[in-house]
Amino acid sequence: MADLGAPVRVSPLIRFGRWSFLVVGVAYGAYHQQRLAKREVGIREIEAQQKAIRDAKLAVEKKRNQEAEAKAIAELSGPSKK
């Protein structure tokens with residue numbers, strides 16, 4: 001292995017700056033995460049309302065398709081006229 005030598009003593013000002021930026025970055029990340037979480041809650045509420053409407057429309061459409069299919073099957077399976 002290469003001999004790296006003795007470590008260099010880092011200035012207290014540089015050390016303070018590094019720790020300050022680390023703390024500020026963590027605080028900003030927590031704030032930003034909190035803001036995004038609030039926005040996501042609002043979006044999920046809107047999606048829940050839209051899901052209820054969409055499910056109701058799909059149920060009506062499914063019922064209509066089942067009735068049309070049952071009618072078509074009844075016509076096809078009925079006695080043929082010759």
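I worked from a predicted model, in which local features need pLDDT of at least 70, side-chain atom pairs count only at pLDDT 80 or more, and totals for chains, interfaces and linings use all residues. Residues are numbered from 1 along each chain as its sequence is written, and side-chain values use heavy atoms, with hydrogens and water left out.

Fold. I found one helix and zero strands in the protein chain (DSSP runs of H or I, at least four residues, for helices, and of E, at least two, for strands). The radius of gyration, taken over C-alpha atoms, is 34 Å, whereas a compact globule of 82 residues would have one near 12 Å (rule: 2.2 Å times the number of residues to the power 0.38). I noted a C-alpha trace spanning about 105 × 40 × 10 Å along its principal axes.

Surface. Of the 82 residues, 1% are buried (under 20% relative accessible area; exposed is over 50%, partly exposed in between; 1.4 Å probe, protein chains only).

Salt bridges. I looked for a side-chain nitrogen of Lys or Arg within 4 Å of a carboxyl oxygen of Asp or Glu, and the structure holds two such bridges.

R44 pairs with E40, with 3.5 Å between the closest N and O atoms. Both residues lie in helix α1 (residues 12-77), four residues apart, about one turn of the helix. R44 is exposed, at 55% relative accessibility; E40 is partly exposed, at 34%.

K51 meets D55 at 2.8 Å, N to O. These two are also four residues apart in helix α1, about one helical turn. I recorded K51 as partly exposed at 43% relative accessibility and D55 as partly exposed at 33%.
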